[in-house]
Amino acid sequence: MRPVLLQSAFTQRLLNQGQLTRWKDVWSCFAANFYKKSSDIPSNSLPAIAKYMADTSKNVLVMAGAGLSTHSGIPDFRSPGTGLYDNLQQYNLPYPEAIFDLGFFVRDPRPFLSLAKELYPGKKYRPNLGHYLARLINEKGKLLRMYTQNIDGLERLAGLPPEKLVEAHGGFSSASCISCFKEHDPDETREAIFRGEVIRCTNGKCKGLVKPDIVFFGEALPDRFFLYQDDVLWADLLIVIGTSLEVYPFAAIADEVPHDVPRLLLNRDVVGSFGMRKHDTIVTCDIIEGVTRLAKELGWHEELMELYTKHEPCT
Ligand code: OAD
Ligand code: ZN
């Protein structure tokens with residue numbers, strides 16, 4: 001595992017004051033030269049970006065967050081009132097993000113374990129049009145990779161192949177000990193969590209806490225996340241959908257994409273550095289509305305609806 005840990009925007013800002021900024025500039029400069037002439041690239045309008053996507057783009061990078069799954073019935077984290085972090089009073093936490101904080105988990109694993117019981121992927125939630133759009137981009141041969149922060153597994157349920165997906169904040173499909181990292185059976189872990197039990201490691205005398213492999217604040221991201229270092233070189237379009245871009249290092253991908261590469265934001269709010277680049281297109285609306293408008297502009301709307309209505313979610 002590489003020593004890059006999940007952290008909030010605040011921590012990341014402090015880090016960025018050092019070497020990282022210079023490194024980023026060198027990188028952007030190299031990558032901008034590597035790419036096509038900026039006169040070829042559309043910006044600032046959904047029809048223009050859709051035309052570019054349909055006619056030219058071959059390597060679309062998608063970044064997603066919790067906003068993508070709200071229409072599947074799963075709340076996001078930071079929307080005032082409805083977001084998970086505004087609705088954790090029952091767990092008596094010192095601050096909302098403590099529920100995903102490794103240090104706090106060691107002191108008291110019960111709040112996370114009872115939330116996990118609610119969040120476990122199952123038959124309760126099904127993918128929505130946004131998830132199927134990612135699949136359709138792939139079926140059109142244009143998806144380079146989808147990076148998601150979501151732990152709900154809905155991209156896989158929508159039929160996105162594993163090699164095209166990076167679940168940057170992990171998920172429930174594996175489990176391990178937080179002390180010795182021994183892998184534990186995910187089904188047994190799930191059953192124990194459903195029985196309301198705190199699970200302890202069975203590796204010798206370890207007795208460390210076991211949890212599903214969801215990345216907590218203070219934990220390293222999966223190795224697979226670092227595919228982004230190559231992917232940003234190949235991307236010819238970035239679509240960011242349903243994320244506040246508040247959590248690092250995930251959020252940094254949006255800035256690692258070279259300046260000449262068009263970026264499209266489909267989100268209720270303007271987030272991250274969107275709006276600061278010439279080739280940014282910002283569509284502030286509800287996700288399903290944004291996805292529908294994009295699909296129509298692409299001429300893919302019928303196919304998207306067919307996928308959505310006919311596809312039986314994969315298990
Ligand atoms: P956030 O809750 O921070 O951001 C969700 C974004 O989606 C916000 O900008 C919302 O305005 C937008 N949004 C929500 N519903 C929408 C809708 N129907 N239409 C349009 N926009 C909508 O969620 P993330 O960015 O995913 O970490 O949060 C990142 C990480 O913070 C999560 O992965 C999680 C959390 O701590 C872990 O679980 C480890
Ligand atoms: Zn252990």
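A crossing is called left-handed if the near helix is turned anticlockwise from the far one by less than a right angle, and right-handed if clockwise. Everything below comes from a predicted model in which local features need pLDDT of at least 70 and side-chain atom pairs count only at pLDDT 80 or more, while totals for chains, interfaces and linings use all residues. Residues are numbered from 1 along each chain as its sequence is written, chains are lettered from A and ligands numbered from 1 in the order in which they are written, and side-chain values use heavy atoms, with hydrogens and water left out.

**View 1. Helix H3 (residues 46-55) crosses helix H11 (residues 287-298) at roughly 55°.** Their axes (lines fitted to C-alpha atoms over the stretch in contact, with angles from 0 to 180 degrees between N-to-C directions) come within 9 Å. That angle makes H3 oblique to H11; under 35 degrees would be roughly parallel, over 145 roughly antiparallel, 65 to 115 roughly perpendicular, and the rest is oblique. The handedness here is right-handed. Helices (H or I, at least four residues) and strands (E, at least two) are DSSP runs, numbered from the N terminus.

**View 2. Here are the residues where H3 meets H11.** H3 brings Leu46, Pro47, Ala50, Met53 and Ala54 to Arg293, Leu294, Glu297 and Leu298 of H11, contact meaning heavy atoms within 4.5 Å. Sorted by class, that is seven nonpolar, no polar and two charged (Ala, Val, Leu, Ile, Met, Phe, Trp, Tyr, Cys and Pro are nonpolar; Asp, Glu, Lys and Arg charged; the others, Gly among them, polar).

**View 3. Helix H6 (residues 129-139) packs on H11 at about 35°.** The two axes lie 9 Å apart, and this crossing is left-handed. Leu129, Gly130 and Leu133 of H6 touch Ile288, Val291, Thr292 and Leu294 of H11, giving five nonpolar, two polar and no charged residues.

**View 4. Four cysteines hold the zinc ion (ligand 2).** Its protein donors (N, O and S atoms within 2.8 Å of the metal, or 3.2 Å for Na, K and Ca) are the SG atoms of Cys177, Cys180, Cys201 and Cys206, at 2.2 to 2.3 Å. The angles among the four donor atoms run from 103 to 115°, and the site is tetrahedral (four donors with all angles between 85 and 135 degrees). Along the sequence the spacing reads C-x2-C-x20-C-x4-C.

Key:
Four donors count as tetrahedral if all angles lie between 85 and 135 degrees; four count as square planar and six as octahedral if opposite donors are over 155 degrees apart and all others between 65 and 115; anything else is irregular.
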